[in-house]
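Biologist: I have the model open and would like to take a close look at a single part of it. Could you walk me through one residue and its surroundings, and then carry on to the other chain?

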Amino acid sequence: MELTISRAEILAILPAGMVFITGLMQLFVDLGKSSTDTRSEKTHLAMIGVTGILLGFSALFIQGVESSAGALYAGAMTDDLFGRMGAGVILVAALFCTLMSGGYLASSGNNRAEFHSLICFSAGAMVLLCQATNLISIFVAIETLSLAVYVLAGYFKNNRSASEGAFKYFVIGAFSSGFLLLGMAFIYGTSGGSISLADIAASNAHADPLFAVGTLLMIIGFAFKVGAVPFHSWVPDVYQAAPALSVGWMAVAVKSASFFAFCRFLLFAEGGQALTQILSAIAVITMLLGNLAALNQTSLKRMMAYSGIAHSGYLLIPLVLAVSGAGASAGASIPFYLFGYAATTLAAFGVIAAISVVTDRDDVNDLDGLARTRPLLATGFTIALISLAGIPLTAGFIGKLMIFRDAVEGGFLFLALVGIIGSIISVYYYLRPVVAMWFREPRSSFDLIPASWGVQFTVAICGFATIALGLFPNWLVDLSKMSVSAILG
Amino acid sequence: MIPELNSFNLPILSLVVLTPTICSLLLFFVDRNNKALIRQIALMGSFLTLFFSILMVGNFDSNTGTMQLEEQHNWIESLGISYHLGVDGISILLVLLTSFTMPFVLLSTWSSINDRVKEFHIAILLLQTGMIGAFLALDLILFYLFYEAMLIPMYLIIGIWGGKERIYAALKFFIFTMVGSLLMFLAILYLYQHTGTFDLPVLLDKLKTTNPLDSGQQFWLFLAFTLSFAIKVPLFPFHTWLPDAHVQAPTAGSVVLAGVLLKMGTYGILRFAIPLFPEAAFDLQSMMCWLSIIGIIFGACMALVQNDIKKLIAYSSVSHLGFVVLACFIPNLESLTGAVLQMVNHGLSTGMLFLMIGIIYERRHTRELADYGGICKVVPLFSIFFLIAVLSSIGLPGLNGFVGEFLLLYGVFSSVPLWGILASTGVVLGALYMLNMVKKFLFGPLVHSENNDISDLNTREVIYLLPFVAMMIWLGLYPAPFIKLVQPTLTLYVEMLKN
């Protein structure tokens, strides 16, 4: 069989390929550098990273907005707007993580090229995951990105708790992959041996109860990845143990990529009544438990972990709509919401990374008086928290508006109500860091946090983007809608 | 007298809304140590807003009762949200009240706020945009944006510049308000699903003609809207956040809170809850009225036993706004006119009382009634101004409070005499607690020697108090121009409710 690669196929692989190559280059450049060098900021690594990621990002714009390349690589992946939106979120996150990592790693005395290139490697795999259209490529992409992220979670290998967290993450990750794979096997078996999502949707396997079992198993697998209750218990532990910046990367990119793939999968595999009920039950308990458990946390990382769980709950609402067969419009809020979520969460973890370097902790009290010592960081973090709470004039508000509006229109008023109750609860814990930063005085002069330019830049840009998206969301909302309706063609 | 600006096609409402925001953006670029410049810029901005509001009134046709000076632009088309502003008789006085209060509030902070001056002015100017925007917005989501956007600056003002228990009070304020407004948000989304629009005039029309709601839907939606507004008013039993917030807030915060922010609740009831869901409002009329009456009497009784002057006035707000809510639910012209006027009157009198308590607190650092007594001999000018504010709050004929209260009670009497009688006891109690407070505060023997050397009002203080007194007298002696602004709209409103 002759191997031919079309132009469309090259273009489709270009963004992921760029970041993979970038990761390799970072490794090679740092090769042979002595280990005493780990306290310097190594701006050249960041430069390579930024250039490569920006090249990958610009590759997303080669194809027109509305063009979809159809099935590429024998149906393994596609190059449509939805995939490009996902890639956009991930590459933006990778860009900012790269910018922040130099300063962060240098001040913790462990700046090696591995961290930078692992971010690039996992970013490449995530981009592929967003574009994947058959079961095999979904699985391979998930495994690839997970491997890189396991290492990132345990990057500080001398730190016992970080290693423990990484191990826990690895075991749970392997466990959830098992669920995914088993579900895929069921689907493969019942749909007459097809692995492509389009073929599965076209086959008449939907009536088969085993097909529903397969879909449920895959839902469980994805639920592990996005941290939905009751498959969430690893999230707070891993978040607390892992380095702050790795956690930021996990919270933004792993979650975004998983949700993009999850959404694409569910739009093809309509699930019927039973699955709709199961998934809405998961969404309800995820929203409630995530928000309730966050109330009591004094560790910022744990708080953000539970808040991330709650946000997974909100994001499950459009997926419930997708499963119930509400059609393509169901997932329209997902790309927009994840863009907003990425901006806010990156800003938040930028600040958390900055304080954890000095204090070696991530307690809410460590933020005391930040508005006096670091007004820029405090303002950016405040905007991020306000947006996460869904208060108007921020991207988070528009995202919630889209999700809840779709829920009400799709006849799931109950889900919207639970989401609203969750948001009310969340206000309480999102305000706690605000209180510490603005209402309390700095405890001592030693607490001045050395914020690297990367962190300052990230927090400023993310804060600005959060407000800008809250004021002028039109273009992104349109793109989101277009991208989702283009999936099913 | 005021130039006609129609020919210029000036977006006058946007100017009123956005001037404070533009001014606050300007402040970002001012050095934080240059306090004088920051204060001057903010003051200029607020006077400019006042100027634009007066232009707005000048261009307002007081013979028509419909929305005027409307501006509508597409904003977030893909979500059906538009930038739609308009003003009518209900909102015009409240906008005027807001932009009237703000410059004098800013003047009052020149001595009281010395820490983080830049942040303070940015916050309070953003707050002003939020308040005026909420009064003018005609798109439900736009209204919600402004309504929520007010929360953050107010929260920061209480939390940063407030008293000892400020963090608790700020949090309580925020969470109470947020609970109500998020439920209202859900109701707004439900309305959108039902009618396909967020635009208030279109929505009202559709609810009446093509997409009527059944009574169950009306009931729940009305409750969601009213809960949000009832918390903001605050209506008994949702009032518990108010005394805390008032006592802990800095003077400027209290003035804005009592003067304007609380009116957001009564305005919301008048503008949204009742017109959108008239049947449910009618069904729940007696419940709402009883709650208001309980609030009137309860607030007054609580005010009677307070030792902290600020807390006393906070409870008097609960009582006074009870009157307004009561009148909102009695659909006749007199009671509604009284309600709108009373919102303004309460803003003026309570605002001035809080300003004056701020003045005395700056000098003596206590608000306990027991620490004062007999200071009228030491600070005669202060006492005169304070007495005027108190008498205006009680409703003495010749001052503003009387006109509104009289119309309001007349309206209530003519439809349900029992409620009128019960509400009137609130007036009597009002005189009781206010005069009692004045007696302990200003008159009697001078027992505390610390009070001997309190300095009287200085020029700056007289400058920012005088406009309040002038407005009180104007509204008290010659309220006709104000009533004329309000009544065409309310006439239409009453007719609309009768159908």
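Modeller: Happy to! Let's settle on A:Leu476, which sits in helix 19 (residues 474-487) of chain A; please keep in mind that this is a predicted model. Buried or exposed, where does A:Leu476 fall? It has 21 C-beta neighbours inside 10 Å, and because 20 or more make a residue buried, A:Leu476 counts as buried. Setting aside neighbours within four places in sequence, A:Leu476 is in contact with A:Phe336, A:Phe339 and A:Leu469. A:Phe339 is 137 residues away from A:Leu476 along the chain, yet their C-alpha atoms are separated by 9.0 Å.

Now for the other chain. The contact between the two chains takes 26 residues from chain A and 27 residues from chain B. On the chain B side, the elements giving two or more residues are helix 5 (140-149), helix 6 (151-161) and helix 7 (166-195). Helix 7 of chain B gives the most, with 15 residues. By class, that side of chain B has 21 nonpolar, 3 polar and 3 charged residues.

Chain B as a whole has 21 helices and 2 strands. Its C-alpha atoms fill a box of roughly 70 × 55 × 45 Å along the principal axes. A compact globule of 499 residues would have a radius of gyration near 23 Å, so the 22 Å of chain B agrees with that. Buried residues make up 58% of the 499 residues in chain B. Of the chain B contacts between residues at least 6 apart in sequence, 80% join residues at least 24 apart.

Two places in chain B are worth a visit while you have the model open. One is helix 3 (residues 89-112), whose 24 residues reach 36 Å from first C-alpha to last, close to the 34 Å expected at 1.5 Å a residue. Helix 3 of chain B is largely enclosed by the rest of the structure, because 21 of its 24 residues are buried.

The other is where helix 18 (residues 400-415) of chain B packs with helix 20 (residues 459-477) of chain B, at an angle of about 40° and with their axes 6 Å apart. The two helices, helix 18 and helix 20 of chain B, are therefore oblique to each other. From helix 18, B:Asn400, B:Phe402 and B:Val403 meet B:Met472, B:Leu475 and B:Gly476 of helix 20. By class, this contact has 4 nonpolar, 2 polar and no charged residues.

Terms used: Residues numbered from 1 in each chain as written. Chains lettered and ligands numbered in written order. Predicted model: local features only at pLDDT ≥ 70, side-chain atom pairs only at ≥ 80, totals over all residues. Helix = DSSP H or I, 4+ residues; strand = E, 2+ residues; numbered from the N terminus. Rg over C-alpha atoms; globule rule 2.2 N^0.38 Å. Buried ≥ 20, exposed ≤ 12 C-beta atoms within 10 Å, placed from the backbone. Contact = placed C-beta atoms within 7 Å. Nonpolar A, V, L, I, M, F, W, Y, C, P; charged D, E, K, R; others polar. Expected span 1.5 Å × (residues − 1). Axes fitted to C-alpha atoms, helices over the stretch in contact; angles between N-to-C directions. Parallel < 35°, antiparallel > 145°, perpendicular 65-115°, else oblique.
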